[in-house]
Amino acid sequence: EGHIHSDLPGGGQSRLTDFGLALMGPGGTGKTAVLKVSESLTTFFAGPETVRKMAPSNAAARILGGDTIHSLCKLPYGKVTLSSKRGRLTKDALGCHRKKWRGTLAAYIDELSMVSADQFLQCDVRMRQGKMRAEVPFGGLAVNVCGDFLQLPPVSKDGAKKSLACALDDVGHQIVDPEDC
């Protein structure tokens, strides 16, 4: 259940809080179309730079009209973690990242089934950093996701990347047997 707050009538800063939308279903059912309609409504009522759209692949990002998750969330490649020297953002990169996310109210993630649990947690961290709101999930953004967990699993050469379809604890460890996912 979400709430819309407006600080000043007729031009004040608006923001969505505690809002999330998850669209799950088989391919071809219109999940991406629903995300696009939701985006249109958000930008109509809140302004043009209030939505960031992303997908794990370049092809899916283009269909959505957004960026790849790696590009938009500044995620490291390979086995590099956000806390490692190569995974941390420099002062300049962090400043640019925060500038990009400053006016954002909502984040749209398409093809969620292709996003590994680790990448989803990294997106959460980067959105918190971008919004400078480390205390709330995804920096307080309205997060809208869609995908089909029976369609495409996360891409992984060695099978180490776990699907979001498997239950995880707060630090990203699996709670259930992977064979059950």
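**Close-up views of a predicted model**

View 1. Helices (H or I, at least four residues) and strands (E, at least two) are DSSP runs, numbered from the N terminus. This is a predicted model, in which local features need pLDDT of at least 70, side-chain atom pairs count only at pLDDT 80 or more, and totals for chains, interfaces and linings use all residues. Residues are numbered from 1 along each chain as its sequence is written, and side-chain values use heavy atoms, with hydrogens and water left out.

**View 2. Helix α5 and its surroundings.** Helix α5 covers residues 117-131, 15 residues in total, and spans 21 Å from its first C-alpha to its last. That is close to the expected 21 Å, where the expected span is 1.5 Å times one less than the number of residues. Which residues of α5 are buried? Among them are Ala117, Phe120, Cys123, Met127 and Lys131; buried means under 20% relative accessible area, exposed over 50%, and partly exposed in between (1.4 Å probe, protein chains only). The buried residues of α5 pack against β4 (51-55), α3 (69-73), α4 (91-101), β6 (106-109) and β7 (142-147). Contact here means heavy atoms within 4.5 Å.

**View 3. Two nonpolar cores.** A nonpolar core is a set of buried Ala, Val, Leu, Ile, Met, Phe, Trp, Tyr and Cys residues joined through side-chain atoms within 4.5 Å. The largest one has 17 residues, of which Met54, Ile69, Cys73, Trp101, Ile109, Phe120 and Met127 touch the most other members. Two or more residues of this core come from each of α3, β6, α5 and β7. Apart from this core lies another, of eight residues, including Leu23, Leu35, Leu64 and Cys146. Look also for isoleucine 69: leaving aside neighbours within four places in sequence, its contacts are Met54, Ala55, Pro56, Lys74, Leu75, Ile109, Val115 and Cys123.

**View 4. Two pairs of aromatic rings.** A pair of aromatic rings is described by the distance of the centres and the angle of the planes. Rings of Phe, Tyr and Trp (its six-membered ring) pair if their centres lie within 6.5 Å; planes under 30 degrees apart count as stacked, over 60 as edge-to-face and the rest as tilted. How many aromatic pairs does this rule give? The count comes to two. Phenylalanine 44 and phenylalanine 45 have ring centres 4.9 Å apart and planes at 90°, so this pair is edge-to-face. Both phenylalanine 44 and phenylalanine 45 are exposed. Phenylalanine 120 and phenylalanine 138 have ring centres 5.3 Å apart and planes at 55°, so that pair is tilted. This pair links distant parts of the chain, 18 residues apart, with phenylalanine 120 in helix α5 and phenylalanine 138 in the loop between α5 and β7. Phenylalanine 120 is buried, at a relative accessible area of 18%, and phenylalanine 138 is buried too, at 14%.

**View 5. The open sheet.** Five strands make up an open sheet in the order β3-β7-β6-β4-β5, with parallel pairing; two strands pair if DSSP finds at least two bridges between them. At the edges are β3 (20-24) and β5 (67-68), each of which pairs on one side only. Five bridges hold the parallel pair of β3 and β7, and glycine 20 stands opposite valine 143 in β7. Strand β4 has four bridges to β6 and two to β5. In β6, alanine 106 is the bridge partner of valine 51, while threonine 68 in β5 stands opposite alanine 55. Both faces of β4 are covered, with Val51, Lys53 and Ala55 buried on one side and Arg52 and Met54 on the other.

**View 6. Lysine 31 in helix α1.** Is lysine 31 buried or exposed? Lysine 31, which lies in helix α1 (residues 31-46), is buried because its relative accessible area is 12%. Beyond its neighbours within four places in sequence, lysine 31 is in contact with Leu23, Met24, Gly25, Pro26, Cys146, Gly147 and Asp148. Aspartate 110 is 79 residues away along the chain, yet its C-alpha atom is 8.4 Å from that of lysine 31. Helix α1 lies across β3, β4, β6 and β7, running at about 160° to β7. Axes are lines fitted to C-alpha atoms, for helices over the stretch in contact, and angles run from 0 to 180 degrees between N-to-C directions.
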